[in-house]
Amino acid sequence: MSTDTGSGSATGTSSDRRNARTISLGVTDTASQSRSIGPDMFRILALGCALLLIASFVRVLHEVTQAVGGTPSLFALVVGMLLAGTLLARLIRPRTALLAALTVAGLGFAYYLESSGVGVGIVLSQTGALAADIGTLATGHQLIRTVEAGIWTLGFAPAPVFLTWYLALRGRYALSVLPGGFALLFLVLTGDANLNVTLLGTLAGLGAVGFGELERRGGSISQADLLAVLFALIIVLSLSVSFVPGGDSGPASIGATDAGTLEGTIDSAGERSGFTGQVDLSPEVRFTVESERPSYWRTGVYDRFTGDEWVRTGQEQPLDGPINEPPGDHETMQQLVTAETDIGVMPVAPQPLSVTDGAAQYAEVTSHGQVHPSTTLIEGDSYVAESAIVDPGHGELQQAGTDYPEHVRDRYLQQPEDTSDEFAEYTANVTADAETPYEKAAAIEHHLRTSKSYSLDVDQPSGNVAEEFLFEMDEGYCIYFATTMTQMLRAEEVPTRYVTGYTSGQQVDDTTHVVRGLDAHAWVEVYFPDHGWVAFEPTPSGERDDVHADQLEDAREDGVENVDIEESEDVPVREDDDDEDEQDERDPADPEEEDNNETNGDERDPEPDPDPDPENGNNGTTDGTDPGSDDGSDTGDERSALSLPFTVSRELLALTTVVLIGLAAGIHRTDGRKRLQHLVGLFWQRSTDNPDDDAARAYRRLERLLGRTHRARRPGESARSYVAALRDEVTGDGKGSLDPADDRIETVLESYERAVYGGGVSRQEAAKTIEAVDELAREQLPMGGIGADTGDGDGGGGSGDDSSENGDKSTCDDDDTTHSGN
Amino acid sequence: MTDADPPTDMVLETTPIDADEQTEEIDPLPLTRVESIGTDIEDNVARVIVGHESVIEHVITALLGRGHVLLDDVPGVGKTMLARSIATSVDCTFRRIQFTPDLLPTDVTGVNVFNQQTREFEFQPGPIFGNIVLGDEINRAPPKTQSALLEAMEEQQVTADGETRSLPSPFTVIATQNAIEPNRTYDLPFAELDRFMKKLHLGYPDPKDEAELLGRTVGTHPIEELESVTDRETLVRARETVSRIEVAAPVRAYVTRLAGYTRENAHIGASPRGTIALLRAAQARAVINGRDYVTPDDVQAEAAVVLSHRVKTNNRTRDGKAIVADALEQVPVDG
């Protein structure tokens, strides 16, 4: 691009010429390649940083398009804008460019409004509402939750890309950071840009300004160390923010839960649901439900899958009036939900129709028909909800057909762009015999339940969770099963959504259900025309119940608080008391598990597992102890025994590197290395091959010593006149300070002079000189007396140079430590 | 008129220079001998001159360092006495020229005289032909006459009637000049000033020294009883020793930096001749101090007297001396 600007055509109007001159700023610098790292290099670095800044916010947009589609268009648009910026950099003035960018942005926005079915007219008619929308976005409504996120992205991207690159090419680096920075800031405010991307963008912006400034002022690379220090500082500061535990805020978070629990994972925030690896189950009671019949208690509905998390699109509306009823026949049921602890969700049986008037004003309803509290429910809060029970028979579902409404098709068939063909093929295989959507759902449900086993102790996969679980993992828990089933059904063009909530809990009497943290769950809802959303359960429930029941029993035995409420205390965890029998029956009887183990051993598991699954099974059957918890802890122990006692994460390594680089740059900046060398050199000197050098360096040490105890040598003073001047200046100083009249100093002076100005000194003389300075240096230490005595003894005893040298060194080191000890 | 000794005991060769003659090898004296010679002369001179030890030392280092000395002071402080006692201490030819306004160049260099007997012109050598030449009140002679000294001092030769004659070795001019009566004196040309290795000031003696001086000179003046402590040949060999003293690169660089400083900070700075003179003086001082190498301290000890008169400023308040003092303070000793 430098050639582009280099050929700057300066013909035409006066304004054109002015432009050409502005641009040629960088060009003249390019021409005068005076140094290897000069303005030319800084220009490249600054432009690189500008590109990086662009890349940072495009990356965020790309994340969106990856989930909802439109990546090629986005990239084409970005590349096109970069080209346009490059071309126009020398053709149009900044004002024109700004105008062009605004036009592009306006067009993009209009396009978005048109395609989301609102129409451009809204700009005129409902300016306030529009502004409110933008406000909503900027206060944390994630882009990914926007219904037409892809189009929004395409409308948003061009203007900042163009302006940033255009201004950077013109050498206006500080200005160029503005549009890019604003774009990034906006994405930060919406909550789409994560920490790393934000950090990258910030650093890139800083780099662009810094390097641009260095280019403009013709700085040298030695001045860039300041930038390095700033970089390191920013990185460390911003990363350390994430290490500081932040308080849970907002109604979405569940009280008393932390990130490691299953609840914390599936309801990490009201509008998104993530994944983790190993999770704990909280045995604490969350709420109780008085209901005629048991049900899963739904707390969240999610429609958009990004590959590593679920996102709920659309916004909440205040709950005023009844929620849309399911299209088909349904029964209704009433439930009284009482919070037993502070919770940020509103569990209801699907599909909720209404919430009692009193609680309604604190409730919001999402566009998916799920209710949410607008504030955290505190212990004792209760509400009555009415739900429609959609439970059609098999036959009805079989005949439901595929005549899905438009809005259902639009929203519930989404798959991440990077979903592989393999995934679809595999799904097609699984559903090969299935004809109707219901059969497909049943087939997939059955396949997952039988081919994967249940475990809370898994490593979080990277990449598309659904694919990873299907192809790479042998066990998982509800969120993996549900996610995979959702995605598989969507691959088969069946509208499906991912829902979270709690299982029915422990029934303590006819109508009371006690729901604990460990009942947290995720499952699947499939849409059937004329019926609405029907729940499916891909998680192997038997295994799940066992694991969860064990956890509860453990918690009860350990006397964990809040495990029970009054009514549930005496109720055993399992309906069937005969715990061991059940397990004995189940484990060997489960053919799938053995199947699974075989495949596991044969091909699936690439890494050697210290605790292979067959043994696992034995453990459970023979001991009859709790397989879930014990196994979990066993594997955990053995794993940690194999690896390091502490884990060095990549992030930590990177952070350490950054800190070290920053330190190095800072040391470079402050000449710290030299200072350190000086300090060390004061008390220790390595003898070299050149005795003259040794003598000279010994004198320099002496000079520094004198400089510390008296004053530094002035430039005009020769070695001898310096010492002589000190002798004159010194008036009876106390102990510890160096006496300039010392004979040893005279010795050092003489050999220094001879080494530097005369015919040189012998090796022996040099050693003697070093020794003299060593002694003098040691006497300066707080514990000097002792050190000096040993030093003298060593010096006198050792006849050879080397031996006395070594002896001196060791005592010197000792002194050093004593010194630091003080 | 010339106030020189009659040229009757003329033993000096005054023949024109023969090119081959100059390449005689001089055997240097051992370092310790030279050191003791310096001490001997110093002690000897101190018998006549009370106090002024550093000036005496400077004159001796100039003598050993092949330089000429200009003593600049008011009359009566012992300039001539110093020059005479130095000359007497060395057993060699001593000549004295009293410069007056009507002194002619030939009165200094010598003249071809027609010999009636041989019926040939004979060169009658002037008072410049001596080993130690005392030019008294040198600034009383007009520039024309002073210029006669130029060639002698720099080239150690004189040219009379187109014939160049070599001056004896060693050849040292010790000149005095009067700092008072400026309207009856001629300023020394800068070029001539530059040819003096050192310009020294005696100054009035300390009251204690002066009392001592009065006591000594009540009877016969001690100069009359002064005896030489060394001879011409020894001096030549001692000079050879001095000229072979090692000057390490850091010292040379330091001298260069000093000169550079004066050039940057004065109208006219120290000339290369000045830096050469400084090094020679420093060499001599190193020998006097018993060293066979020059240290920056030697340079610093000599710089003030060697460089000051070569530095000319336009600023009345800051003369060459101040500039050189600044240079010594500010120019770093180690590169």
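1. The contact between the two chains draws on 16 residues from chain A and 18 residues from chain B, and it should be read with the reminder that this is a predicted model. Chain A and chain B bury about 1200 Å² between them, and carbon and sulfur atoms account for 51% of that area.

2. One salt bridge joins the side chains of A:R713 and B:D334, with an N to O distance of 2.6 Å. Across the interface of chain A and chain B there are also 6 residue pairs in polar contact, where both residues of a pair are at pLDDT 80 or more. As for where the chain A side comes from, the elements of chain A that give two or more residues to the side touching chain B are α29 (719-729) and α30 (743-756). The largest share of that side, 5 residues, is supplied by α30(A), and by class the side of chain A that touches chain B holds 7 charged, 5 polar and 4 nonpolar residues.

3. Turning to the chains one at a time, chain A has 33 helices and 18 strands, and of its 822 residues 48% count as buried. If one takes the contacts in chain A between residues at least 6 apart in sequence, 74% of them join residues at least 24 apart.

4. For chain B the secondary structure comes to 12 helices and 11 strands, and buried residues make up 53% of its 335 residues. Among the contacts in chain B between residues at least 6 apart in sequence, 79% join residues that are at least 24 apart.

5. Within chain A, strand β3 (residues 297-302) is mostly covered, since 6 of its 6 residues are buried. Strand β3(A) pairs with strand β14 (residues 496-502) of chain A in the antiparallel sense, over 5 bridges, and within this pairing A:R298 has A:G501 in β14(A) as its bridge partner. As a point of background for reading such a pairing, side chains in a regular strand alternate between the two faces of the sheet.

6. A helical position in chain A deserves a separate paragraph: is A:V58 buried or exposed? A:V58 lies in helix α3 (residues 39-68) of chain A, and A:V58 counts as buried because its relative accessibility is 7%, where the cut-off for buried is under 20%. Leaving aside residues up to four places away in sequence, A:V58 touches A:L74, A:F75, A:V78 and A:V161.

7. The strands β4(B) and β5(B) form a hairpin with 4 residues between them. Which residue in the turn has a positive phi? That residue is B:R119, for which phi is about 55 degrees.

Methods: Residues are numbered from 1 along each chain as its sequence is written. Chains are lettered from A and ligands numbered from 1 in the order in which they are written. This is a predicted model: local features need pLDDT of at least 70, side-chain atom pairs count only at pLDDT 80 or more; totals for chains, interfaces and linings use all residues. Side-chain values use heavy atoms; hydrogens and water are left out. Contact means heavy atoms within 4.5 Å. Buried area is the accessible area (1.4 Å probe) that two parts lose on being put together, summed over both. A salt bridge is a side-chain nitrogen of Lys or Arg within 4 Å of a carboxyl oxygen of Asp or Glu. A polar contact is a pair of N or O atoms within 3.5 Å; within protein, one must be able to donate a hydrogen and the other to accept it, and residues adjacent in sequence count only if both atoms are side-chain atoms. Ala, Val, Leu, Ile, Met, Phe, Trp, Tyr, Cys and Pro count as nonpolar, Asp, Glu, Lys and Arg as charged, and the others, Gly among them, as polar. Buried means under 20% relative accessible area, exposed over 50%, partly exposed in between (1.4 Å probe, protein chains only). Two strands pair if DSSP finds at least two bridges between them.
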